[in-house]
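Keep the structure in view as you read.

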Amino acid sequence: MQSTALSSGSKTSTMSTNGFSTEDDSRSGHDQVCCLIDSGEKCQRQAGNASYSKRIQNQARKLKLTRDELSPHIYICDYHKTQIQNIRTKRKRKDSEDDQGFHDGIEELVEIDFYQMPVNTLRRYKRHFKLSTRPGLSKAQLADAVASHFKTIPVVEKETLQMFFYTTKTKRFDSKDTT
């Protein structure tokens with residue numbers, strides 16, 4: 001493994017080629033800036049303890065963030081960490097009353113894999129919504145019919161959330177002891 005010596009004031013640490021240091025002074029992050037380039041400009045914010053990895057590359061690309069290859073570390077600032085976390089946790093629903101499926105120019109839809117559901121669940125769904133299908137469908141055909149119907153159900157998000165909160169506050173749910 002190759003290494004180079006870096007001096008930071010009176011402290012000296014050994015830096016390996018993977019961007020990690022063998023000394024504790026590099027972990028503090030007090031003199032390090034974010035290793036990201038935001039829309040063509042190097043970020044000048046103080047680096048935190050979050051690191052840039054392959055796991056977050058796709059989200060960073062959506063935000064027009066790239067890693068500065070000249071940076072001696074892989075730590076990112078708290079601002080970019082929050083931006084990446086926000087894009088990872090956003091969920092969009094079709095026919096939402098407020099945002100019509102768009103937020104910050106990015107469209108995401110939550111997909112449900114009906115092929116993973118048991119056949120009995122698919123049959124109950126079909127019976128409850130009175131879907132007209134031919135008898136003797138295979139599981140895959142039944143899942144397709146249920147999925148296509150499910151996508152047509154309009155959801156008024158505000159109303160649904162209000163009803164959920166009302167129900168959870170007013171009704172007592174008894175937890176069953178299994179012991």
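Start with a pair of side chains: Thr133 reaches Lys126 through a polar contact of 2.9 Å. A polar contact here is a pair of N or O atoms within 3.5 Å; within protein, one must be able to donate a hydrogen and the other to accept it, and residues adjacent in sequence count only if both atoms are side-chain atoms. Before going on, please note that this is a predicted model, in which local features need pLDDT of at least 70 and side-chain atom pairs count only at pLDDT 80 or more, while totals for chains, interfaces and linings use all residues. Residues are numbered from 1 along each chain as its sequence is written, and side-chain values use heavy atoms, with hydrogens and water left out.

Where does Thr133 sit? You will find Thr133 in the loop between H4 and helix H5 (139–150). Helices (H or I, at least four residues) and strands (E, at least two) are DSSP runs, numbered from the N terminus. Setting aside neighbours within four places in sequence, Thr133 is in contact with Lys126 and Ala145, where contact means heavy atoms within 4.5 Å. Thr133 and Ala145 are 12 residues apart in sequence, and their C-alpha atoms are 7.9 Å apart in space. Thr133 counts as partly exposed because its relative accessibility is 27%; the scale is buried under 20% relative accessible area, exposed over 50%, and partly exposed in between (1.4 Å probe, protein chains only).

Helix H4 also holds Arg123. With a relative accessible area of 43%, Arg123 is partly exposed too.

Now look at two loops. Most residues other than glycine have a negative phi. Ser39, although not a glycine, has a positive phi of about 50 degrees. Ser39 belongs to the loop between strand S3 (36–38) and strand S4 (41–42), and its relative accessible area of 53% makes it exposed. Lys64 has a positive phi as well, near 60 degrees. The loop that holds Lys64 runs between helix H2 (57–62) and strand S6 (65–67), and Lys64 is exposed, at 59% relative accessible area.

Next, find helix H6 (residues 157–170), where Phe164 lies. Is Phe164 buried, partly exposed or exposed? Its relative accessibility is 48%, so Phe164 counts as partly exposed.

Stepping back, the protein chain has 6 helices and 7 strands. In sequence order, the pattern reads β-β-α-β-β-β-α-β-β-α-α-α-α. Of its 179 residues, 25% count as buried. Among contacts between residues at least 6 apart in sequence, 50% join residues at least 24 apart.

How confident is the predictor, and where? The answer is given by pLDDT, the predictor's confidence in each residue, from 0 to 100. The protein chain averages a pLDDT of 75, and 66% of the residues score at least 70. Where pLDDT is low, the predicted coordinates should not be read in detail.
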